[in-house]
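Dear colleague,

I am passing on the structure we spoke about. Please look through it before you read my notes, which follow below.

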Amino acid sequence: MSDKLTADRFAYESNLAAAGSYRAHRSAFWPPSRSYALACLDLADTTPALGDGFPAALAALKTAVEAEWQRVKELGIPARRRFNEPESVAEAMREVAKHLPGEDDRRAAELRAHAVQEGYDDAILQELATLQEEFTVVAGQISTWYGKDVRGLPTAFGCRADETRQRLVTEALAAPDEVAARLGRLHADLRVGELPAFGAAELFFMAGEGNLHPKHIAYFLPEDEGVKYSPFKKTYYFANTHHALLESVSVPLAEQHLRLDARFDPAAPRCAAIPTLGVLSHELGHFVHRPATDFKELNAADRWASVVLQEVAADVFGILILADVWAPRLGIDPADCVAYYLAECLRYVDRGLGRFPDSDGMFLQLSYLTQLGALEPVDENGPRLAGETETVLAGLRSLARVLADSLLASDAQRSVRLHQRYGPTTAAPLSSLVEILRQEPLKSIEYTQEHLHATGTSAS
Ligand SMILES: [Zn+2]
């Protein structure tokens with residue numbers, strides 16, 4: 001067996017040394033790990049009944065994108081974010097587009113098919129910004145995990161706007177002054193920028209790189225397609241994928257390794273809004289800054305630490321916005337938000353260290369809270385982190401102020417020291433937790449898409 005397959009996913013230094021070097025990696029599973037535990041999410045349940053030809057058209061798109069994925073492995077990417085043989089994918093996209101019910105849906109899919117062939121231009125991006133999509137179909141060299149390969153890989157996905165969750169997004173964002181006021185009380189110099197569009201959706205189709213392990217719960221377009229400066233920016237958040245990950249990974253880990261004054265239950269109505277708002281608040285957290293915030297110096301000093309700390313800031317400001325501002329206004333218990341947040345910390349840390357900046361970032365937060373005493377390592381049928389909502393929130397406010405005076409103050413030296421002291425380099429505070437996670441397989445979701453290959457059957 002190659003040493004890769006026996007790799008310790010928590011071996012921080014050696015994992016970090018290999019980050020971004022997986023261009024030739026072909027396995028469906030990354031990072032390399034001795035074993036994986038899978039839960040299945042059947043995308044047939046969310047695939048809309050749009051006629052007999054629809055699943056067949058999706059199947060053809062899947063085949064075309066996967067053939068391109070193979071070609072990239074053989075030949076490389078011909079030009080930045082372009083396909084070797086774009087025609088077959090573009091043609092398959094146009095076939096899928098024909099089945100979409102809305103004029104805007106069809107137009108958007110056709111524009112994206114054109115972009116697959118010719119690349120994006122300003123006219124396409126401008127027009128996409130005006131379209132109101134219910135069904136979105138995307139194909140391209142889409143960003144994969146930062147620690148795996150910083151260039152994109154062929155991916156296609158289809159999702160449907162989720163009106164109920166979208167209303168939550170609108171409601172949460174309805175009082176931006178409250179968020180600004182809360183941030184001002186943490187640190188007088190903090191500002192929040194304008195959040196790009198956030199589309200809550202249900203995923204019904206995934207092909208290519210995005211169909212491998214682990215799964216993304218959101219894509220940010222067109223940036224994840226390689227277009228940096230676009231007037232059209234939108235997060236597509238897959239609520240069903242996130243729900244499956246919460247049920248099969250985060251919650252079991254929380255049951256085993258946390259002892260809090262609340263339990264996050266993804267099936268309970270009182271918790272139903274939290275995952276969407278949690279991801280939304282993380283996105284908004286990325287836009288919290290000070291007038292002089294600039295990551296350039298830190299990027300030059302330590303690029304990995306910079307990405308890790310930016311994720312930490314998004315998490316910390318995000319959970320504080322969720323628990324301190326949105327939850328009271330929307331009638332949600334902040335204790336459930338904190339329980340959700342800590343369960344998600346465990347899910348990310350469980351993916352390993354030195355592989356994913358956001359996992360290292362979650363480790364840093366748990367380590368900070370533990371070193372501060374807001375979480376206490378205890379042994380109750382195995383190692384657990386024990387804590388109470390108010391204490392954890394106080395610890396998070398403390399970390400928010402530290403971030404405001406280091407990362408967001410563009411102080412590279414202080415930022416590097418923060419990353420050293422609380423990041424995975426200093427493993428001791430969480431060593432017993434990591435020790436027990438190491439013995440368990442890495443967990444992921446498999447998308448079941450058997451229905452795509454059935455022709456002549458109708459979902460009706
Ligand atoms: Zn982020």
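Helix α3 is where I began: its 14 residues, 86–99, reach 21 Å from the first C-alpha to the last, close to the 20 Å expected at 1.5 Å a residue. Please keep in mind that this is a predicted model.

The buried residues of α3 are P86, V89, A90, A92, M93, V96, A97 and H99. Viewed down the helix axis, the buried residues of α3 lie within an arc of 165 degrees, so they line one face of the helix. What do the buried residues of α3 pack against? Their partners are α2 (53–75), α4 (103–118) and β2 (135–142).

The axes of α3 and α4 are 8 Å apart, and the two helices pack at an angle of about 175 degrees. Angles over 145 degrees count as roughly antiparallel, and α3 and α4 are therefore roughly antiparallel to each other. On the α3 side, the contact is made by P86, E87, V89, A90, M93, R94, V96 and A97. On the α4 side, R106, A109, E110, R112, A113, V116 and Q117 take part.

I also looked at one strand residue, C159, which sits in β3 (residues 153–161). Is C159 buried or exposed? C159 has 27 C-beta neighbours inside 10 Å and therefore counts as buried; the cut-off for a buried residue is 20 or more. Setting aside neighbours within four places in sequence, C159 is in contact with T136, A201, E202, L203, F204, Y236 and F238. For one of these, A201, the separation from C159 is 42 residues in sequence, while the C-alpha to C-alpha distance is 6.0 Å.

Now the chain as a whole. The secondary structure of the protein chain comes to 16 helices and 12 strands. Along its principal axes, the C-alpha trace spans about 60 × 55 × 45 Å. The radius of gyration is 22 Å, which agrees with the value near 23 Å that a compact globule of 460 residues would have. Buried residues make up 50% of the 460 residues. Of the contacts in the protein chain with a separation of 6 or more, 78% are between residues 24 or more positions apart.

Regards

Definitions and conventions
Residues are numbered from 1 along each chain as its sequence is written. This is a predicted model: local features need pLDDT of at least 70, side-chain atom pairs count only at pLDDT 80 or more; totals for chains, interfaces and linings use all residues. Helices (H or I, at least four residues) and strands (E, at least two) are DSSP runs, numbered from the N terminus. The radius of gyration is taken over C-alpha atoms; the globule rule is 2.2 Å times the number of residues to the power 0.38. A residue is buried if 20 or more other C-beta atoms lie within 10 Å of its own, exposed if 12 or fewer, and partly exposed in between; C-beta atoms are placed from the backbone. Two residues are in contact if their C-beta atoms, placed from the backbone, lie within 7 Å. The expected span of a helix is 1.5 Å times one less than its number of residues. The arc is that of the directions from the helix axis to the C-beta atoms. Axes are lines fitted to C-alpha atoms, for helices over the stretch in contact, and angles run from 0 to 180 degrees between N-to-C directions. Angles under 35 degrees count as roughly parallel, over 145 as roughly antiparallel, 65 to 115 as roughly perpendicular and the rest as oblique.
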